[in-house]
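Dear colleague,

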Amino acid sequence: MDQKFSDITFMERALSLAHSASNKGEVPVGAILTLDGKIVGEGENCPIACHDPSAHAEIMALRNAATKLENYRLPGTTLYVTLEPCIMCMGAIIHARVRRVVFGAYDPKTGAAGSRYSIGTDQLLNHTLEITPGICETECTAILKSFFRERRKKRPCTLPEQYF
């Protein structure tokens with residue numbers, strides 16, 4: 001299978017997980033982990049439902065795959081995620097020895113795969129990652145923008161009376 005075609009196919013699956021997270025009121029981020037062209041783990045954002053600040057989609061996919069493969073190391077795997085991973089997730093990705101990270105939307109505020117930080121490609125750690133950004137970027141960005149637009153409509157910014 002052509003690499004670009006397979007990247008798009010797997011990112012579309014990650015997008016379906018992002019939609020699932022959104023439907024549950026979570027920030028719409030989805031992730032899948034593949035090994036030899038097969039999905040071995042998947043996850044969606046669920047820090048609110050899980051009462052767990054580390055329950056990002058990437059972490060959930062890594063946990064799912066590690067359990068399935070019965071190994072905390074995941075060499076040779078590719079992680080597909082709809083939003084550029086944060087520092088916490090990049091740390092877990094490095095420790096798991098993921099080979100490649102493919103992401104959709106850039107995160108200019110907290111992105112740790114090139115936007116704000118370059119963890120895993122900066123040659124400062126004991127493991128180096130291959131990063132492929134911008135796969136299905138338009139769709140990945142759109143779901144995030146839509147989610148936050150709707151959230152702002154439901155929760156308008158209100159200041160206490162003391163500010164008036």
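In the lining of the largest pocket, α5 gives the most, with five residues; helices (H or I, at least four residues) and strands (E, at least two) are DSSP runs, numbered from the N terminus. This is a predicted model, in which local features need pLDDT of at least 70 and side-chain atom pairs count only at pLDDT 80 or more, while totals for chains, interfaces and linings use all residues. Residues are numbered from 1 along each chain as its sequence is written, and side-chain values use heavy atoms, with hydrogens and water left out.

The largest pocket holds about 430 Å³ of space. A pocket here is an open set of points on a 1 Å grid over the protein atoms alone, where a 1.4 Å probe fits, with protein on both sides within 12 Å along at least five of seven lines; lining residues have an atom within 4 Å of a point. The volume is the space filled by probe spheres set on the points, which are joined across faces, edges and corners. The pocket is lined by 21 residues, of which V27, L83, D107, L144 and F148 are the closest to its centre. By type, the lining comprises eleven nonpolar, four polar and six charged residues (Ala, Val, Leu, Ile, Met, Phe, Trp, Tyr, Cys and Pro count as nonpolar, Asp, Glu, Lys and Arg as charged, and the others, Gly among them, as polar).

The largest nonpolar core has 38 residues, and L33, I93 and V98 have the most contacts inside it. Such a core is a set of buried Ala, Val, Leu, Ile, Met, Phe, Trp, Tyr and Cys residues joined through side-chain atoms within 4.5 Å. Among the elements that give two or more residues to this core are α1 (3-23), β1 (30-35) and α5 (137-154); α1 gives the most, with six residues.

UniProt, in an unreviewed entry, lists E58 for "active site"; such annotations may be inferred rather than shown by experiment, and the positions are given in the numbering used here, with feature names shortened. E58 lies in helix α3 and counts as buried, at 4% relative accessibility (buried means under 20% relative accessible area, exposed over 50%, partly exposed in between, with a 1.4 Å probe and protein chains only). Leaving aside neighbours within four places in sequence, E58 is in contact (heavy atoms within 4.5 Å) with A31, L79, V81, L83, P85, C86 and C89.

Finally, D36, which is not a glycine, has a positive phi of about 55 degrees. D36 is placed in the loop between β1 and β2 (38-44) and is exposed, with a relative accessible area of 69%.

Yours sincerely
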